[in-house]
Amino acid sequence: MSRPPQRLDPLLASTNRLAMMAVLHDVDQVEFVTLRDRLGVSDSVLSKLIGGLAEPGYVTVRKGVLGGRRTTWVAATRRGHRALTGHVAALRALIAHVGTAEPERSLSRQ
Amino acid sequence: MESSGERPDRSSVDAARAALHTVRAEQERTAAQIQVPAGYDEMIALAIGVWIGVEGWRGPSDRWSVVATGLFAVVLAWQVRRFRERNGAWVGGWRGGRFAGVVAATAVVLIGGLILGRVAGSHGHPWLAVAIGAVAGLCWFGLSRLWMRIYRAELGATR
């Protein structure tokens, strides 16, 4: 039996959301300011991005301390990791469909 | 972008390529930005060496063993904090796949070192426990560096 085709995830259609999930996929936790600077967005935009991905359970947030100041740590959930992996597979399948497949790159994570 | 059974149009493919480029770019930036603080591996390796070495000198009381275990925990927590402050991020050891062998080897080194150190001490060879601790510390150092090399390779870093 063949596996069902991967579907593009509409929640990851936005470049900022996709970039944020890509960052969170390769680390366990990222601090709010670091993530904000990395994505080049404002505090309010990042808060909305986080809220938009926390609501479907793709990311979790936790209050903590870094360098003596209070901050927020953001992490991808297992569901979020799976969503990104599936989305990337769907993107590759879409490109392969027209015969110009992107080179494979590891996006595996357990 | 659509992923239905119909043949995708050119704009969908271009958008998919751009999205994949975004993911790849973030992977490469992560690989380049995550840096191990100076002395991180060395300090933990030293703490492991002391922890295991003390097992050979514990004598009838567990007091020094408890002190050495506490010292190791303090050093580990300190280095984790330095890593978080340096990177604004934390990268845990367990990531499955190619990392599994390195994590398993690290567990064997730590648990095996502690057991061998204690056995050496109980047989009247405390200096052997110190040597075992030194070897275990060096092994941890090498395994930690290997882990980071695999991490960078997984993310497609060029360095």
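This is a predicted model: local features need pLDDT of at least 70, side-chain atom pairs count only at pLDDT 80 or more; totals for chains, interfaces and linings use all residues.
Residues are numbered from 1 along each chain as its sequence is written, chains are lettered from A and ligands numbered from 1 in the order in which they are written, and side-chain values use heavy atoms, with hydrogens and water left out.

Helices (H or I, at least four residues) and strands (E, at least two) are DSSP runs numbered from the N terminus. Two strands pair if DSSP finds at least two bridges between them. On that basis there is an open sheet of 4 strands with antiparallel pairing, in the order β2(A)-β3(A)-β1(A)-β1(B). The edges are β2 (59-66) of chain A and β1 (89-90) of chain B; each has a single partner strand, so one side of each is left without a neighbour in the sheet.

Within chain A, β2(A) and β3(A) form an antiparallel pair over 8 bridges. A:Leu66 has A:Arg69 in β3(A) as its bridge partner. The hairpin of these two strands has 2 residues between them, and A:Gly67 there takes a positive phi near 60 degrees. Strand β3 (residues 69-76) of chain A also pairs in the antiparallel sense with strand β1 (residues 29-31) of chain A, over 2 bridges. In that pairing A:Val30 stands opposite A:Val74 of β3(A).

Helix α1 (residues 15-26) of chain A packs on the sheet and touches β1, β2 and β3 of chain A, with its direction at about 90 degrees to that of β3(A). Contact here means heavy atoms within 4.5 Å. Axes are lines fitted to C-alpha atoms, for helices over the stretch in contact, and angles run from 0 to 180 degrees between N-to-C directions. Of the 8 residues of β3(A), 6 are buried, and the strand is mostly covered. Buried means under 20% relative accessible area, exposed over 50%, and partly exposed in between (1.4 Å probe, protein chains only).

The α1 helices of the two chains also meet. The axes of α1(A) and α1(B) come within 9 Å and cross at roughly 40 degrees, and the crossing is right-handed. A crossing is left-handed if the near helix is turned anticlockwise from the far one by less than a right angle, and right-handed if clockwise. From α1(A) the contact includes A:Leu18, A:Ala22 and A:Asp26, and from α1(B) it includes B:Ala19, B:Val23 and B:Glu26. The contact residues divide into 6 nonpolar, 4 polar and 2 charged. Ala, Val, Leu, Ile, Met, Phe, Trp, Tyr, Cys and Pro count as nonpolar, Asp, Glu, Lys and Arg as charged, and the others, Gly among them, as polar.

Helix α1 (residues 10-33) of chain B packs with helix α4 (residues 78-97) of chain A as well, at an angle of about 140 degrees and with the axes 9 Å apart. The two helices are therefore oblique to each other. Angles under 35 degrees count as roughly parallel, over 145 as roughly antiparallel, 65 to 115 as roughly perpendicular and the rest as oblique. α4(A) passes α1(B) in a left-handed crossing. Among the residues in contact are A:Leu91 and A:Ile95 of α4(A) and B:Ala16, B:Leu20 and B:Val23 of α1(B). By class, this contact has 9 nonpolar, 1 polar and 2 charged residues.

Chain B has 5 helices and 1 strand, which run α-α-α-β-α-α from the N terminus. Buried residues make up 44% of its 159 residues.

B:Asp41 lies in helix α2 (residues 40-55) of chain B and, at 2% relative accessibility, counts as buried. Leaving aside neighbours within four places in sequence, B:Asp41 contacts B:Val36, B:Trp140, B:Phe141, B:Ser144 and B:Arg145. B:Ala77 is in helix α3 (residues 63-87) of chain B and, at 47% relative accessibility, counts as partly exposed. The C-alpha atoms of B:Ala77 and B:Ile44 are separated by 9.8 Å, with the two residues 33 apart along the chain.
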